[in-house]
Amino acid sequence: MKKFIRNGVAAAILAGSISSPAFTQEDTIKIGAITPNTGGMAILGNDLARWYEMAAEEANANGGVAGHKIQIIRGDATNAQEAIAAVDKLTTVDEVDIVTGTIASFISQAASEATLNYNKMYWETNALAVGLTERGLPNFLRTGPSAAYYALQAADVSTSKLAADMGKDVGALKVWVEHEDSNYGSSIAAELDRLIKEKGSSIQTAGHKASSVDLTDAILRAKDFDPDVYIIAGYVVDTNLLLRTMREQQFKPRATILIGLGDSKETSDAVGQDYLQGVLIVTYPRHHINQSYAPGSDAANDAFRAKYGEDPVGNSGFNGYVGMQVLFKALEATGGDTSPEALIAAAKEMDLPKGTFPTGYGVKFDDNMQNTRADAVTYQWQGDITTVVWPPEAAPEGVEMKDTARP
Amino acid sequence: MEQLLNVITLGLLLGGIYALVSVGLNLIFGVIRIINFAQGEFLMLGMYGAYLGYSVLALDPYVTVLIVVPALILLGVVVYWLVMRPLQNEPMMQVFASFGLLLLLQNIVLAITGGLSFSINTPLSQVALSLGPVQFSVSRLIVLVAAALAAAALGVFLARSTVGKAIRAVAQDRRAAQLMGINVQTTYMWTFGIGTGLAGLAGVLLSPIYTLSPHIGGNFVMAAFAVVVLGGLGSVAGAFVGGFIVGLTEAFAGYYIDPELKHAVIFIVFIAVLLVRPSGLFGKVGAEEVGLREQS
C-alpha cells in the first residue's frame, strides 16, 4: 500500500513537473475572485469564476506571469454585505494580493471600497454601472465595457444600419427605450437618450419595475408612439414578459433590440425561437464572431468546453477571461508587483489596439480607468443561434443582418 | 376610445389575476388571522410544480392542477400542524414564522435551480384573441374565468358544506365555536390547507404567463395584501371585487399616468378606502379589531 502511495505521489510530482513549471509558495500571486456562487446569480457567478480559473491555468502552463504562479481563490458574495465579508476573508485569511470580480455592480461597489481599506487592487472585469469608474477610487479600474458602451452600440446600430435598411433619414427615425428602473436600466436609457438625440432622431424613454406583474400598459404606450426601433434594457423576467406582451398585443416595431441578454435558453424557452428570429441583442462579444475581429475566441470557447464538458453559460464569463488576460499583461509590466500604485501605473501605460484579445478588445484606459477599447457588439437571432451582425467587421464571413421585423 | 377599451380589458384581466391570488390569502388572513408572508412562495411552488409536470412528465400545465393543488393542500396542512399550530398563542411569532418559511422556500428553490429562470411555452400560451381593437391572451382569460369559478366554489363551500360552516363559525367566534363542539385546530388546519391549495391553483394557472424565478411570489403578494384589506378580511366576495379594483386602478394609472407610478397609485387608493372604511369594502365592521387580539 505504502509503495502504491509512494509511486502515486512520485507520478503526480513528475506529471506536475512536466505539465507546468515549478513554482514555490513565495512565487504565487493569489487573486481573490468575488463572484456570486450561491443565490440567484450563482450560475453566472460560477461560470465567471471558471473562466478566471481557465485563464490562470493557461498562464501557469506557459510559465506563469512575471515568473509567478497565478492562483485564483473564490469568494462568494450575493449582496453588498457579503461582498465586504468576502473581501475581509480573502485578504486576511487567504492573503490574496489582488481582488477581482464580479457580475453585479452593487457587489463590485462594496467589494472595491472594502478592498481599498486593505490597500489592495480591485481589478473589475465585468460589472456594468457607469458610476463605478467615476468614483475615482485609486485601486479600481474596469477592463470590460460599461453600460454606456452598450448604449453606444445600440445607438450606432440603430442610426448607422437600421435607419438605412428602413429607408429612413436618421432624423426621421423613432426610437423607444423601455428600461427597468434601477441604476442599470436607467443609466443605459439616459445614455441612449443623449446619443440618439445627438444624431437627430426622436427618442422616448420609459421605465418600469422589473418585478411588475403586468407590462401591457408599457406596450400600449409604446404602441401609441409607433417606434421604428424598440429597445429593451431589462432583466430576464421583465424582458420575457415584455416580449410575450408584444406578441399578445401584436406590437410589431421594425426592429427590436435587447440589451445585455436575450441570447440564452431563458429567453428562447419563454417566447420560442420562431418569435425571436431577427431580434437584435447588444452584448459582450463571445462566440459566432469573425476571427480576425476577435482572434482566438473560437479556440478559447472550445478549450472551455473541453475543460468543463459543457457550454459556457450566459455572455459575461468570456469577458472576464479577457479581463484576467489584461491583468496578466499588467503584472508582466510591473514585474509581479501587485500594489494598486504599480498596477494602475502599468495599466495607464497600456496601449493595445482593438483586436488584441479574443473578445476583440484592445486596451487604453481613460482618466477614470475605464478601458475605452472594449466594445459591445450586436448579435441577431438567425435560426437556432445568435450571430454577430454589427459592426460589419465583427460579423463572421458571409453573415449579414436579416429582416428585423416581428412576425 | 380604442385604447380605453384596451385599458379596461387589461384592468379586468389583471383583476382576475389579483383576485385569484387573493382568495386563498384572504381565507387564511380572515379565519386564522395569520398574516401569511409565505403565501407568495406557495404560489411560486405551484408554478414550479406546473413546470415540473410540463418538462418532466410532458403534461399540459393546466392538467397539472390535478397533482399540484392536492400536493399544496397537503403541504399547507403539514406546515400548519408543524409550524403554525405550536405558535397559536403567539400571533406575532406566527407572522415571523411565515416570514422564515418565505425565506426557506425561496432558498430551497434557489439552491435547486441555481438561479436559472424557466418558462412554459405551449401552443395555447401563444394564442392571442382579438375583439375589435382589443387584444388579450387566452392564458389571461383562463385566469379570469378560474378566479370567478374559484371564488364562487369557495363561497358555496363555505356556505353549504359542514367544514365550510365550521370555518365560518370559527372565523366569527373561536370560543363559541369550540363550545358548540367544533374542533378549532382541525378547522384551522383545513383552512390553512385550502388557502395554500388556492395559492397552488393560482401558481399553476399563472405559470404559462410568467418566467419562473424563486422570488416571483413576492411580485404578487404585496398587491394581494392590498386586495385583502381593501375587500375586507375574510370576505370571499371582497377578495374578488378588491382584485378588480386594484387591477383596474393599476391599468389606468399605468397607461394614463406612468407605469413607474402605478403601484404608488394603488396604495393611495388603498389608504383612502381604509380611512373611509377600515373594515374594507365587504368586511364586517369591527372585523379588523378582533384578529390578533382575539387570540391573545
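Visitor: What is the area buried between chain B and chain A?
Guide: This is a predicted model. In it, the area buried between chain B and chain A is about 3,100 Å². Carbon and sulfur atoms give 49% of that area.

Visitor: How many residues does the contact take from chain B and from chain A?
Guide: Chain B contributes 40 residues to the contact and chain A contributes 32 residues.

Visitor: In chain B, which residues lose the most area to chain A?
Guide: They are B:Gln135, B:Tyr255 and B:Glu260. Together they make up 18% of what that side buries.

Visitor: How many salt bridges are found across the interface of chain B and chain A?
Guide: There are three across that interface, while a search of the whole structure over all chains finds 21. One of the salt bridges between the chains pairs B:Lys262 with A:Asp217, with the closest N and O atoms 2.9 Å apart. Another pairs A:Asp214 with B:Arg140, at 2.4 Å from N to O.

Visitor: Where do A:Asp214 and B:Arg140 lie?
Guide: A:Asp214 is in the loop between β7 and α7 of chain A, and B:Arg140 is in helix α5 (residues 138-160) of chain B, so this pair joins two chains.

Visitor: Is A:Asp214 buried or exposed? And B:Arg140, buried or exposed?
Guide: A:Asp214 counts as buried because its relative accessibility is 1%. B:Arg140 is also buried, with a relative accessibility of 1%.

Visitor: How many residue pairs are in polar contact between chain B and chain A?
Guide: The count is 18 residue pairs, with both residues at pLDDT 80 or more. On the side of chain B that touches chain A, the elements that give two or more residues include α1, α4 (91-113), α10 and α11 (262-276) of chain B. The largest share of that side, seven residues, comes from α1(B).

Visitor: Turning to chain A: which residue meets A:Lys209 in a salt bridge?
Guide: The side chain of A:Lys209 meets that of A:Asp181, at 3.0 Å from N to O. The two are 28 residues apart and link distant parts of the chain. A:Lys209 is in the loop between β7 (202-208) and α7 (216-225) of chain A, and A:Asp181 is in the loop between β6 (174-180) and α6 (183-198) of chain A.

Visitor: How accessible are A:Lys209 and A:Asp181?
Guide: A:Lys209 has a relative accessible area of 30% and is therefore partly exposed. A:Asp181, at 25% relative accessibility, is partly exposed as well.

Visitor: What about A:Arg305: which residue does it form a salt bridge with?
Guide: A:Arg305 pairs with A:Asp311, and the closest N and O atoms are 2.5 Å apart.

Visitor: Which residues of helix α3 in chain B are buried?
Guide: In α3 (residues 65-84) the buried residues include B:Val65, B:Val68, B:Leu72, B:Val79 and B:Met84. Among the elements that cover the buried residues of α3(B) are α2 (39-55), α4 and α8 (184-206) of chain B.

Visitor: And the backbone: which residues does a cis peptide bond join?
Guide: One cis peptide bond joins A:Gly101 and A:Thr102, with omega about -10°. A:Thr102 is in the loop between β3 (98-101) and α4 (105-117) of chain A. Another joins A:Trp390 and A:Pro391, with omega about 0°. A:Pro391 is in the segment after β12 (385-390) of chain A.

Visitor: Which residue has a positive phi although it is not a glycine?
Guide: A:Ala66 does, with phi about 50°; A:Ala66 is in the loop between α2 (42-61) and β2 (69-76) of chain A. A:Asp226 also does, with phi about 55°, and A:Asp226 is in the loop between α7 and β8 (229-233) of chain A. Most residues other than glycine have a negative phi.

Technical notes:
Residues are numbered from 1 along each chain as its sequence is written. Chains are lettered from A and ligands numbered from 1 in the order in which they are written. This is a predicted model: local features need pLDDT of at least 70, side-chain atom pairs count only at pLDDT 80 or more; totals for chains, interfaces and linings use all residues. Side-chain values use heavy atoms; hydrogens and water are left out. A salt bridge is a side-chain nitrogen of Lys or Arg within 4 Å of a carboxyl oxygen of Asp or Glu. Helices (H or I, at least four residues) and strands (E, at least two) are DSSP runs, numbered from the N terminus. Buried means under 20% relative accessible area, exposed over 50%, partly exposed in between (1.4 Å probe, protein chains only). Contact means heavy atoms within 4.5 Å. Buried area is the accessible area (1.4 Å probe) that two parts lose on being put together, summed over both. A polar contact is a pair of N or O atoms within 3.5 Å; within protein, one must be able to donate a hydrogen and the other to accept it, and residues adjacent in sequence count only if both atoms are side-chain atoms.
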